[in-house]
Amino acid sequence: MGTATQHVSSARNGLRAAGTLLIAALWLFVGAAPAEDYPADSQIEWNSFDPELFDRAEDQNQPLFFYFHGQWCTWCIDFQNESLENPMVVDILNEEYIPVLIDLDRRADLFTRYGGRGLPFVVITTPDDDVISRFTGHIRADGLYRILERQQRVVSVTGREETPAEEPITTVGGFLEMLDQVYVADADRLSGSALFGTLSKRPQPWTYRFLLDQEEWTGRMPGLLDQVAEDLHDPVDGGFFFFYDFDQRDPDRALETSKRLDQNAAFLWLFARAWEETGDERYREIAEDVIRWLRDAMWDEDQRRFGNSQYADNAYYRLDPDERRATDPPRVDRTTYAHTSGQAIAALAASARIFDDDELFEWSDTALRGVDAYLGIPAGFLHAVTDEGQPELEGYLPAQIWPEIARLELRRAARALERDPTDTAAGEPDPQARLDRLQPFFNEDLNAHAERLGGELEPWTEVPTQAALAWWLHYLPAEAVAASHVDPAAVEAQLQIHPGADPDDIALGFDALQRGMPGED
């Protein structure tokens, strides 16, 4: 792991002296005392994830109960208060299970490895790590107790599970056919059912961005964009809420009011591109509202870095605009993540290019210098740094890819604004060297780059990461890719979306395929 000296050196080399210096005590910063988060006062004897727990489970002949949560998540709070902390559930978890509490954001690798799609997410495994049950959502206490009492097999993650006879989608044509099937014209949503499955309630901004370039969707896009903005855009504080469940009968519970950096980055890019494509000023106004939220809520001006999420608070968002402006907004998780910050910086740089905006360009440059300073290590990037400055988790593949996509977008913006990229965080172009930093992730058995390094978990791949890698490759010089260790054909072979998954998982990858991978004629 990189030392404090290495990080301060990175800051000194990366940040401009004028107006962009990080505070000197980079790792000694202490933020405001946080409010009590779960598991404060929990009666469950929670463990933090450790591979040695499997040995303990074998010695005690007990299954493991993994609970993935987010402090920002409304449904997690309900599940915790109403089900997990129910006395009969507490007793059986403490007596007959090894309960493990996992923060989704800090261990996104574990969340995706176990097939997580939404929160709250529970996985029950044997000591040999064979899955007994996994389910998403708020299950009532009596139902949860029955599952625990019987070690009942329950598999419900997306509402529809893959069967052996179902084939993944591997082509752009197949992807477009699936999207056509789930398009509901009367609702202006991608919410219908197809042979491939029913989508989750989460919005699909990367998919919408892909569809902006599809001629046959030109007539559909205004309705889709208007509807997703009506569902999720917050015109008072700016930004987009996490999701809207249009099937929820209780209107107070239909809107998940948390706001996430990664999703808002995707929406910013989407609406900036929509304005570029159509010239409709409504889209620019929405994009600028996202930018306002990023600056007001997520950006730490002193630290020069982004937080990751803003907590749900339904009572706050029910206030009228004047009351809201007079009320403290919901809390922000000030942990900085390399991949979500990379997405936000890439979206800001792309918006600077699209809107010809020097201020956005300077901001994206400053933010990327901050990522390099806080998270950059000789081997690439750490996954996260907490608000107190504690580094977390080396060897996570998305953390290596998204800051480089941000660097690429900053370079593109510099050229568009007639700036010298070498005077920015984009630096000297050296794409082959940056690609070859991924070489330790390449696993010959997978013929792909593994999601995680190290022996803690068996190697595996994740479609969204492979899609982002493909998209990065598309924009790199073909000769640099050819000279690197990366084989575009091997990356392309990973671009498969399985039944039950969301199109946003693969959208960037199929966008890259449609535009052309390096080395293709």
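## A walk through the predicted model

Strand β15, residues 309–310, pairs with β16 in the antiparallel sense, over 2 bridges. One of these pairings can be named: Gln 310 has Val 332 in β16 as its bridge partner. This is a predicted model. The pair belongs to an open sheet of 3 strands, ordered β12-β15-β16, with antiparallel pairing. At the edges stand β12 (259–260) and β16 (332–333). Each has a single partner strand, so one side of each is left without a neighbour in the sheet. As a rule, strands of a sheet pair through backbone hydrogen bonds, in either a parallel or an antiparallel sense.

Now step back to the whole chain. It has 521 residues, and 58% of them count as buried. The protein chain holds 22 helices and 23 strands. Take the contacts between residues at least 6 apart in sequence: 70% of them join residues at least 24 apart. The accessible surface comes to about 21,700 Å². Carbon and sulfur atoms account for 46% of that surface.

Next, the interior. In soluble globular proteins, nonpolar side chains tend to be buried together. Here the largest nonpolar core has 111 residues. Within this core, Phe 271, Leu 294, Phe 306 and Phe 510 touch the most other members. Setting aside neighbours within four places in sequence, Leu 294 is in contact with Leu 261, Leu 268, Trp 299, Phe 306, Leu 348 and Trp 363.

Turn to β3 (121–125) and β4 (131–136). The two strands run antiparallel and are joined by 5 bridges. Across the pair, Val 122 stands opposite Phe 135 in β4. Together β3 and β4 form a hairpin, with 5 residues between them. In the turn, Asp 129 has a positive phi of about 70°. The peptide bond from Leu 119 to Pro 120 is cis, with omega near -10°. Pro 120 lies in the loop between α5 (108–113) and β3.

Helix α6 covers residues 141–150, and its buried residues are Ala 141, Gly 143, Leu 144, Ile 147 and Leu 148. Seen down the axis of α6, these residues fall within an arc of 165°, so they line one face of the helix. The geometry of an α-helix explains such spacing: with 3.6 residues a turn, residues three or four places apart point the same way. What do the buried residues of α6 pack against? Their partners are β1 (64–69), α3 (74–84), α4 (87–96), β3 and β4. After α6 comes Gln 151, which has a positive phi, near 45°.

Asn 314 is found in helix α13, residues 314–318. Is Asn 314 buried or exposed? With a relative accessible area of 19%, Asn 314 is buried, because the cut-off for buried is under 20%. Its side chain has a polar contact of 2.8 Å with the side chain of Thr 257. Not counting residues up to four places away in sequence, Asn 314 touches Thr 74, Asp 252, Leu 255 and Thr 257.

Finally, some backbone features in other loops. The peptide bond from Tyr 38 to Pro 39 is cis, with omega near 20°. Pro 39 is in the loop between α1 (4–14) and α2 (52–60). Asp 188 is not a glycine, yet its phi is about 55°. Asp 188 is in the loop between β6 (183–184) and β7 (189–190). Its relative accessibility is 23%, so Asp 188 counts as partly exposed. Asn 447 has a positive phi too, near 50°. The place of Asn 447 is the loop between β22 (442–443) and β23 (448–449). At 41% relative accessibility, Asn 447 also counts as partly exposed.

Methods
Residues numbered from 1 in each chain as written. Predicted model: local features only at pLDDT ≥ 70, side-chain atom pairs only at ≥ 80, totals over all residues. Heavy atoms only, no water. Helix = DSSP H or I, 4+ residues; strand = E, 2+ residues; numbered from the N terminus. Buried < 20%, exposed > 50% of the residue type's maximum accessible area, 1.4 Å probe, protein only. Contact = heavy atoms within 4.5 Å. Areas by Shrake-Rupley, 256 points an atom, 1.4 Å probe, with all protein chains shown as cover. Core = buried A, V, L, I, M, F, W, Y, C linked by side-chain atoms within 4.5 Å. Pairing = 2+ DSSP bridges. Arc of directions from axis to C-beta. Polar contact = N/O pair within 3.5 Å; in protein donor to acceptor, adjacent residues only side chain to side chain.
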